[in-house]
Every structure is written in C-alpha cells, then in structure tokens.
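Hello,

Here is the structure I promised to pass on to you. Please open it beside this email and follow along as you read.

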Amino acid sequence: MGAITPFKPVRRAAVIGSGVMGAGIAAHLANAGLQVLLLDVAADSLTAEEMKQGLTLEDAKVRNRAALGSLARLAVQQPPALYEAAFAKRITAGNLEDDLAKLSQVDWIVEVVVERLDVKRQVLARIESVWKPGTIVSTNTSGLSVAAMAEGRSDAFRKHFAAAHFFNPPRHMKLVEVVPGPDTDAGVLARLTSVCEQQLGKGVVLAKDTPNFIANRIGCYGMILTIEAMRQHGLTVDEVDALTGPAMGRPKTATFRMMDMVGIDTLLHVVDNVRERSEDAEDQQAFARPPELTALLGRKWLGEKSGQGFYRKI
Ligand code: NAD
C-alpha cells in the first residue's frame, strides 16, 4: 500500500471578482475559517478592454452597484455573529490593480470574474505576474474551456490551475464540479478536491473539460426548454414558476427566479458557450438564445443584480 499524503488545508484565499458568485464564495470561505482577500476592478472605472467594447462609465457604475449589492445581500444572509466574524475580521476587500502583489501571500486564488474567455485570460495573466508556485489557482467558470484559459501561461502555472465550479448560492449548494486542464498536476487536483470536500463541506464531482461541463449542460438546456414550453402553451412567468416550484417538490427559485438569481447576462454567456463550441448541429440549434432572454439583456434587466429581470426586486 502506498503512503497516504496528509491533507494540507488552505488558510488564506483570494477571490477575484465580487459579483453574484464571487461575493458568495468569499463569504462561504470566510465562514469556513479562511482569511479572504476579495478583489474586483476599481469602483466606477473601466478596464482598457471594456473601453474597447464601448462600455460607458454609466455601465461601470451599474456593474459596481451590482457587485456592492451582492455584498450587502450576503451581509443580511449571515446571522449577526457570523457576519461580524466573516466580514469584519476575515474578508478584506480591495481592487485587483492596487492589491495585485498581495496574491503572492495566499494559498488559493479563486477566479470569479465575468464569464468571458478574453477577460478571464487577461486576469489569469495578471495573477501569474505575482503568482508563487504552490498556490492553487481555480476558475469558477460555468463551462468555458479550462484548456483555453490556461493557454499562454507557464508550465508551472498550468500545473496549479483547474476549474472548481461552485453553484448559486454557494453557501447552500452542495455541488462543486472540479475540472482539470490538460496539464493540471494530480497532487494539485487532489488537494483542491480535499479543500472543497473537507474544508468547505462540498460534494465534488470530477468533470471533463467539455462545454458547460455536466450540470450546466443539462440545467441550461432545461431552462431553454422551459422557456419554449411557456411560449408554446401561452403561460406566464408566474404560472411556470408556480408549476415548476414547490408544487413539484422543488424550491421557489426553480425556474425564472433562478434565472434572475444567476443573472441574465451570465446565463446567456453560458447558453452561447455550448452553441459556439459544439460541432454538433443539433447542439447549435438546441442552444439558440431564447428571444425572451435577449429582450431582457437589451433593456439591461439582468436580474437581481440590476434590480429587475423577469421579476422586479423589491
Ligand atoms: P457577475 O457579473 O455578477 O460578476 C462578475 C464580476 O467580475 C463583477 O463584479 C465585475 O466587476 C468583475 N470583473 C469583471 N472584469 C474584471 C477584471 N478584469 N478584474 C477583476 N474583476 C472583474 O458574474 P457572476 O455571476 O458572479 O459570475 C462570475 C463567474 O462565476 C462566471 O464565470 C460565471 O459563469 C460563474 N458562475 C456564475 C453563477 C451564477 O449563478 N451567476 C453560478 C456558477 C458559476
């Protein structure tokens, strides 16, 4: 029998991206006893890439209000004692450029920025500029290619990089999909899995690096079919939520409330991901953007994070 390597817990983590998921993951890590550095882009500023895409300062303000909204929402989710402990003592917030050097002091870096390959690759390049071997780097992507994200990074960095995909809300959802890239070191993968299982109390499923992995490949398709069924049968959003929620033994957030929680922009990125990467004609048809979601995006009704999606947040 081979020697059993003792599990080495992580003590300090950095979460990059403080939106819907980043803030939730940071709170979960802090509640598990880790020291957490939570970094995002500077408030009310645009990255060079965002400027190229024609985003305005007003868009940046909406984005940052959304990020702050997530933190505020988390604050009210925590019982007062935990809130005190988690936020006042264990989470430090900052912005990526000013606090970049601090990433060299953590054991685990969790990338949770917007679901776009170009942005994630830029952020990983910034991380690598200060990264020290031994620090695990994971991405929370919903299903972008882990291999494509690692392209251009050094061999040593690629060995330490994998996806650890948390589900929304991270505090309550048990599942984490762990997805190795082509060069992920077996020891790093084992440690990442143990951290999720033993330190964070999650159930890990090892998935392959295919578009949207397992859960979003199925879940996203289910959401598209539900929207189609609503259209075909002339049902309302409320009626579908009533039918697919507690009446079927599922939570109130089963369908449209879930889409509002996820974020309409993020959901569309995830839908696009299968269509754009699959070579199967049936996939390309099945993962067409539902016009109902495109219409919401056009109005910048992104769900809970912007105050309005299928439902208005009160
Ligand atoms: P979000 O839009 O709520 O937040 C993204 C955050 O990234 C924003 O705060 C934004 O300011 C920040 N950001 C953008 N560019 C940045 C940069 N260059 N440097 C630092 N920060 C930057 O998105 P989200 O819903 O939290 O999703 C984040 C990731 O988690 C995505 O990969 C998404 O697919 C994945 N995910 C989302 C959900 C969900 O339910 N929303 C569930 C599982 C996984």
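Two notes on reading it. Residues are numbered from 1 along each chain as its sequence is written. This is a predicted model, in which local features need pLDDT of at least 70 and side-chain atom pairs count only at pLDDT 80 or more, while totals for chains, interfaces and linings use all residues.

**Domains**

The protein is assigned domain 1 (12-206) and domain 2 (215-306); such bounds come from an automatic or database domain assignment. Their contact takes 14 residues from domain 1 and twelve residues from domain 2, where two residues are in contact if their C-beta atoms, placed from the backbone, lie within 7 Å. On the side of domain 1 that touches domain 2, α3 gives the most, with four residues. Helices (H or I, at least four residues) and strands (E, at least two) are DSSP runs, numbered from the N terminus.

**Ligand**

Of the 29 residues around the ligand, Gly19, Met21, Glu115, Ser142 and Asn168 come nearest; a residue counts as near a molecule if its C-beta atom, placed from the backbone, lies within 6 Å of it. Three helices, α1 (20-31), α3 (57-77) and α6 (117-128), each supply at least two residues of this shell. By type, the shell has 14 nonpolar, eleven polar and four charged residues. Here Ala, Val, Leu, Ile, Met, Phe, Trp, Tyr, Cys and Pro count as nonpolar, Asp, Glu, Lys and Arg as charged, and the others, Gly among them, as polar.

**Sheet**

Eight strands form an open sheet with mixed pairing, in the order β3-β2-β1-β4-β5-β6-β7-β8; two strands pair if DSSP finds at least two bridges between them. At the edges are β3 (91-95) and β8 (203-206), each pairing on one side only. Inside the sheet, β1 (residues 12-16) and β2 (residues 35-40) pair in the parallel sense over five bridges, and Ala13 stands opposite Val36 in β2.

Helix α1 packs on the sheet, touching β1, β2, β3, β4 (108-111) and β6 (161-166), and its direction makes about 170° with that of β2. Angles run from 0 to 180 degrees between N-to-C directions, with axes as lines fitted to C-alpha atoms, for helices over the stretch in contact. Helix α9 (residues 186-199) lies across β4, β5 (136-139), β6, β7 and β8, at about 175° to β7.

Best wishes
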